[in-house]
Amino acid sequence: MKLEKVACLEELSDRKLLRLKGPGYDLCIVLTDNKVHAFANRCPHTGARLHASRVRHNVLTCSHHLAQFDLCSGSVLTFPMEGLDVEKTGPLVVFDAEVDADGWVSVDLGEIELYGRGPVR
Amino acid sequence: MTGAALADPPLVGAITVGGERLLQQRCDRESFAEYRAAGGYRNAVRGAGVLRELSVAGLRGRGGAAFPTAIKWQAVAERPGPRHVVVNAEEGEPASAKDRWLLRHRPHIVVEGALAAASAIGADTIWIYVADRPAAESAREAAAELRADTSLGPIPRINVVEVPHTYVAGEETSVVRAIDGGPALPTTKPPRPFERGAAGSPTLVQNAETLAHVALIVRSGAKQFRGAGSNTAPGTLLLTISGDCIRPGLVEVATGTRLREVLALAGGVRGGGAPAGFAFGGYFGGIAGPRTVDLPIEHDALRTEGIGLGCGAVIVLGTHRCVVAVAATIGKFFAAQSAHQCGVCVRGTAAIQGALERLRGGRADPANVEQLQRFAGLVRGRGACALPDGAANVVESLIREFPGTVADHVGRVCLRCRLPVDDVIPNLAARPVTSGARPEETRSREESQ
């Protein structure tokens, strides 16, 4: 685990995605149901960016083909409505995220270095 | 059975739990008064409640993609208005007749579903998009009947749009383009209609049968809807069964019903014997072997076998049919129905047609079969719409399901291939409207309110 402070809890409003982009990584964090989730900003279906997507409870709905992913496990809940290899859509790459007592959101950067450029299909 | 006979198919029967839902043994049109007397337009669920009920019901679209409707509706509802609802009854698949049957004979169940959709997503306009003239007239009459009845309170504007019957006209972006006054031809995505559709507004394009199920869900509840069908794809679905069967027509079955049972309802294979195969999804889903009779009719189950159920059109191929001749005819159909907008579609479907014709004529060598497979891979997922995927599905299913038959056709003339297949593979006479056509040539519109 290589936890790195990436944002402050105050920056997050409920269910609004915050995009964090830097050299070698592009990820989103979101606060929903009092839990912070971090995931790669890349849809496993087509590789499209996810930062304009919608979150309800622990479910992320991709804005492009309406595929749905579980933010806790990354698993596919609903396959995309159309497009190539719909059934081969893999899981969303999710990262461990924590909020410390001072309200800082930390994400496991070790995993970001491995997967931050997008999911491995 | 010919393509013309499918225009108003007879009802074959039903295998459901609790009887028929959408089909009724009738050949006339259900009037507004009859529909109301049977409990229509009395839905207690409106607004966001429809979405919740739909989510619990687990209704999946009946147009071909089988996508969960609640997710699609939510995506439209979340976007800023104004919003539109489109009843897509164009039915580009020539072997399908369910949507036109519904609009011709039970228009109010479709319209009630559209009203529920408009209420759920906050839409102020409903478009009924149709190619079949009697269906369009029935829809107009339904809208007029609704308008004349003041007891229902304010309802959204209902417009009927008629377009020429072509394969690509039923594609979502074609629908939106035609409603906006253009030709009924697909456009590139994004934006998709749920993002920016008719008049630049978020638009819910939903198949007519799907909306008919919605009407039943808001009337009887999600629990009753889930009383039939499988857990992952609950409810019933309409199948148009045609080809070499004794009683072709429309069937309503619970999802998961075996094809063998449906075939029995249709009187079995004409001429007796085992079927040579089945063309699925209209033409889009590919050709499946005789083993399919024991598979459940359900999108996910068939998909894992590489078969697309599509809009629920099943063509039975009798013992005497050669599947290569059927594939070549469908390949020709796809090449003719290309909108001529995307290069990969124009050239790819023509190349597939040529290669299938060579195989049918006994002029193919082993390299041609490999080439055919390569063509299918090259066109898949390309172009503005899914027409090239349809051509790819036919090729890939033929090679996968009938490897022996394909091998037998390499360098050999098949006598059964010389038999015409036009009686089971109806072709559309109309060519797609070219992109240069004037809007008024491609549609007629009537604003009913």
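Predicted model: local features only at pLDDT ≥ 70, side-chain atom pairs only at ≥ 80, totals over all residues.
Visitor: How do you know that chain A and chain B are in contact?

Guide: Contact means heavy atoms within 4.5 Å, and by that rule 15 residues of chain A are in contact with 16 residues of chain B. Buried area is the accessible area (1.4 Å probe) that two parts lose on being put together, summed over both, and for chain A and chain B that comes to about 1,300 Å², with 58% of it on carbon and sulfur atoms. On the side of chain A, A:Arg54, A:Leu66 and A:Met81 lose the most area to chain B, together 40% of what that side buries.

Visitor: Why is the meeting of B:Glu78 and A:Arg54 called a salt bridge?

Guide: The term requires a side-chain nitrogen of Lys or Arg within 4 Å of a carboxyl oxygen of Asp or Glu, and the side chains of B:Glu78 and A:Arg54 meet at 3.5 Å, N to O, so the pair qualifies under that rule. Between chain A and chain B the count is four salt bridges. The side of chain A that touches chain B has five nonpolar, six polar and four charged residues, where Ala, Val, Leu, Ile, Met, Phe, Trp, Tyr, Cys and Pro count as nonpolar, Asp, Glu, Lys and Arg as charged, and the others, Gly among them, as polar.

Visitor: What makes up the division of chain B into domains, and what is buried between domain 2 and domain 3?

Guide: Chain B is divided into domain 1 (30-227), domain 2 (236-317) and domain 3 (323-418), with bounds that come from an automatic or database domain assignment. The C-alpha centres of domain 2 and domain 3 of chain B lie 22 Å apart, and the contact takes 15 residues from each of these two domains. The area buried between them is about 1,100 Å², of which carbon and sulfur atoms give 69%; in domain 2, B:Tyr283, B:Phe284 and B:Ile287 lose the most area to domain 3, together 61% of what that side buries.

Visitor: How do you know that B:Glu401 forms a salt bridge with B:Arg291?

Guide: The closest N and O atoms of B:Glu401 and B:Arg291 are 2.4 Å apart, so the pair meets the rule already given. Across the interface of domain 2 and domain 3 of chain B, the rule finds one salt bridge.

Visitor: Which domains of chain B does the lining of the second largest cavity draw on?

Guide: That lining draws at least three residues from each of domain 1 (30-227) and domain 2 (236-317) of chain B, and its residues divide into four nonpolar, three polar and three charged.

How values were computed: Residues numbered from 1 in each chain as written. Chains lettered and ligands numbered in written order. Heavy atoms only, no water.
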